Amino acid sequence: MSKAPRVGVFGSGVLLVLRAVLGGLFVLAAYQKLFASPFSSQSFYEAVSAFKVTDDIEQKRLATFIIPWIELFSGLALIAGLWTRAAAVVINLLLAVFIAGIVSVTLRGLSVDCSCFGNFKLLCGNDAIDLFKGTKPVGWCKVGEDAAMLLMGAALWVYGGGWISLDEALAKPKPAKASPKD
Amino acid sequence: MGKTLFRAILLIGLGIGAGFVHAQLNKQGANPVPLTLQNTQTSTDTAKPPAAGDSKPAQSTAETPAVQPTPEAPKPEQVAPTAPEAQKPAEQTPPPQAPQNDMFISIAQAKELYDKKARGQWDGIFIDARPYHEFTEGHIPGSMHIDKKYFDGAVPKKVRDYLPGMPVVIYCHGENCTDSEAVAARLIALKRSIGPIQIIKEGYPGWTKAGYPVDSGGEVGFE
């Protein structure tokens, strides 16, 4: 795992799509939690509180602001293909924490609205999608949704950003092999 | 792997730093998180008589007429006694309202407002803060539906059109539900002169348990 395996043109295209989708989702999530409305942060604070991990108001406040900013930086890095593998690691860590939290509240029978994407529902609880209509915003459906993103993140962690990325553009050019005549 | 780990830690550190700064800036902003109800005395002023020796008027702000007493609001002596204290001798009776969470009212007080509204003596609005599908299954007749998600965008049209200057009574699932407080905090933060704001402590379950009238379907009169 020390170095990302090389991928071809098709593979780089797939990685670009994965980066755009996963990074875009995390940037969207961060925007919805921080800037979408005057009460975006308040809504996320209430969601954090609903998980009942801590009663400390200051800790919940810090989580309310720190989580979205980490999402934003990681999402932007993924989209740009800069530090792709590191960003994928961070996003996978976040997703692992989210999944653990969702499993915990689901097993505890708590009714929580995670405000993961603000008012926007990706799949779970999205009434516009028949398959997921009426599902709880936070429940096993959400675990599946996050697990799917985790797989995308894992692929980016393993393969990196591919050719179409800032990582590739900024990579040091390999020194040309000396010709036998020299 | 070492480089990747270092960069990952750096990304997390950037997020922590930016989040920390944002959290500090937010404290001084217009809507500091968490929003609280402490800047209102709403129902205190509408339902609680001044305490003995309290010569000062209630503190008020220009933006929150919620602190203004309204003659239509229920007086403690007008509502049915619901607590054992109501049967104690007068000299031993503590102030009828709890010292905290003064904006909470009982089902009996809410019913009194409902009856006054029916008689045209109170022009306030009941607000159902539960999810919309629960609202359509049953709600206090004449209620407006506004859950906290309505505020995750521009100021809702209903709030702009119907609520400024109006007393409101908010309810949700009852004592374990915080949605009423969440909506109340947002209405206060909007600074649109909405109020007094009161919350039915026992919520919609208490209302139905008391056998009071309910309605189903969508909103009426708030298009």
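Predicted model: local features only at pLDDT ≥ 70, side-chain atom pairs only at ≥ 80, totals over all residues.
**Figure 1. Chain A is built from helices.** Chain A has six helices and zero strands. Read along the sequence, the pattern is α-α-α-α-α-α. Chain A has 182 residues, and 45% of them count as buried. Among its contacts with a separation of 6 or more, 75% are between residues 24 or more positions apart.

**Figure 2. Helices α1 and α2 of chain A cross.** Helix α1 of chain A covers residues 9–34, and helix α2 of chain A covers residues 40–50. Their axes come within 5 Å and cross at roughly 100°. An angle from 65 to 115 degrees counts as roughly perpendicular, so α1(A) is roughly perpendicular to α2(A). On the α1(A) side, the contact is made by Q32(A), K33(A) and L34(A). On the α2(A) side are S40(A), S41(A) and F44(A). By type, the residues of this contact of α1(A) with α2(A) are two nonpolar, three polar and one charged.

Figure 3. K52(A) is in the loop between α2 and α3 of chain A, where α3 spans residues 57–80. Its phi is about 50°, a positive value, although K52(A) is not a glycine. With a relative accessible area of 54%, K52(A) is exposed, because the cut-off for exposed is over 50%. W83(A) lies in the loop between α3 and α4 of chain A. Phi of W83(A) is near 55°, again positive in a residue other than glycine. W83(A) has 24% relative accessibility and counts as partly exposed.

**Figure 4. G109(A) sits in the loop between α4 and α5 of chain A.** In this chain, α4 spans residues 84–108 and α5 spans residues 140–159. G109(A) lies in the loop between them. At 60% relative accessibility, G109(A) counts as exposed. Along the chain, G109(A) and G139(A) are 30 residues apart.

**Figure 5. Chain B contains both helices and strands.** Chain B has seven helices and five strands. From the N terminus on, its elements run α-α-β-α-β-α-β-α-β-α-β-α. Chain B has 223 residues, of which 44% are buried. Of its contacts between residues at least 6 apart in sequence, 74% join residues at least 24 apart. Chain B exposes about 11500 Å², and carbon and sulfur atoms supply 55% of that area.

**Figure 6. N26(B) touches residues of both chains.** N26(B) belongs to helix α1 of chain B, which covers residues 2–27. Its relative accessibility is 13%, so N26(B) counts as buried. Leaving out residues up to four places away in sequence, N26(B) touches R61(A) and F65(A) in chain A, and N31(B), P32(B) and V33(B) in chain B. A polar atom of the N26(B) side chain lies 2.8 Å from the backbone nitrogen of V33(B). The backbone oxygen of N31(B) is 3.5 Å from a polar atom of the N26(B) side chain.

**Figure 7. A cis peptide bond joins V33(B) and P34(B).** Omega of this bond is about -5°. P34(B) lies in the loop between α1 and α2 of chain B, where α2 spans residues 42–47. V33(B), the partner of P34(B) in the cis bond, is also among the residues that N26(B) touches.

Note on methods
Residues numbered from 1 in each chain as written. Chains lettered and ligands numbered in written order. Heavy atoms only, no water. Helix = DSSP H or I, 4+ residues; strand = E, 2+ residues; numbered from the N terminus. Buried < 20%, exposed > 50% of the residue type's maximum accessible area, 1.4 Å probe, protein only. Contact = heavy atoms within 4.5 Å. Areas by Shrake-Rupley, 256 points an atom, 1.4 Å probe, with all protein chains shown as cover. Polar contact = N/O pair within 3.5 Å; in protein donor to acceptor, adjacent residues only side chain to side chain. Axes fitted to C-alpha atoms, helices over the stretch in contact; angles between N-to-C directions. Parallel < 35°, antiparallel > 145°, perpendicular 65-115°, else oblique. Nonpolar A, V, L, I, M, F, W, Y, C, P; charged D, E, K, R; others polar.
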